[in-house]
Amino acid sequence: NSEALQQEDNREINSFPIGSDGDDRTVSFLRTETDTTADKPTLCLVFSKPLDPSMSYEPYLSLKEKVASRASGQRLCIEGLNYGSTSVLTLRSGLPAADGSELLGDKQVTLTFTDRPPVVQFAGNGVILPRTDGHGIPIMTVNVPSVNVKITRLNDRALVFKLITEGFSVSAGDYQYSPYNEIPGDLGSLVYQGILETPGEKNSV
């Protein structure tokens, strides 16, 4: 009947992604996304509509820290914040989307960053040290006070039985099995094993 058709039409209309006040002429803030893989964190504000990448959005951001921003698709990404900090960002009314629709009213967003995740890695991607004039293998760490180091020596003849690879990267607490022909221990001699202290500024390499 006509009443059932009207109710079905209402359900379809309400399912459309529209602005914060039910107005298709407005754009709404949805959520935040963070990237903590670099020296400085990057925070992206996600909106309900694509933004204008050629536009400067700094006038629509109220924040005590000096930051830089860039728009890409529905994201407005902010750089210049610090790990282990909390800030309050105000998105000012009138912030425009690419289609001309605007943010209705000021919106406050609390930005909280925890400390940078612990990292231990070798600098560069070299896998073989030169026979002479070698400068060692730099170890890069973030928020790690010490590293358990084990150095094994393989002679030239032993190397032909092993597959030389660049290793792998995993998150803290994870692990990965290495194929038997990549493990040097059975053909090598122990050169050094001990704890290497890695002092450094918090949240920095």
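Let's call a residue buried when its relative accessible area is under 20%, exposed when over 50%, and partly exposed in between (1.4 Å probe, protein chains only). Keep in mind that this is a predicted model, where local features need pLDDT of at least 70, side-chain atom pairs count only at pLDDT 80 or more, and totals for chains, interfaces and linings use all residues. Residues are numbered from 1 along each chain as its sequence is written, and side-chain values use heavy atoms, with hydrogens and water left out.

Start with the overall picture. The protein chain has two helices and 13 strands, taken as DSSP runs numbered from the N terminus (helices are H or I with at least four residues, strands are E with at least two). Of its 205 residues, 23% are buried. Take the contacts (heavy atoms within 4.5 Å) between residues at least 6 apart in sequence: 61% of them join residues at least 24 apart. The chain exposes about 14,400 Å², and carbon and sulfur atoms supply 51% of that; the areas come from the Shrake-Rupley method with a 1.4 Å probe, and for residues only the protein chains shown count as cover.

Searching the whole structure turns up one disulfide, meaning a pair of cysteine sulfur atoms within 2.5 Å. Cys44 and Cys77 are the partners, with an S to S distance of 2.0 Å. They tie together distant parts of the chain, 33 residues apart: Cys44 sits in strand β3 (residues 42-47) and Cys77 in strand β6 (residues 75-79). The torsion about their S-S bond is about 100°, so this disulfide is right-handed.

And how covered are the two ends? Cys44 counts as buried because its relative accessibility is 12%, and Cys77 counts as buried at 5%.
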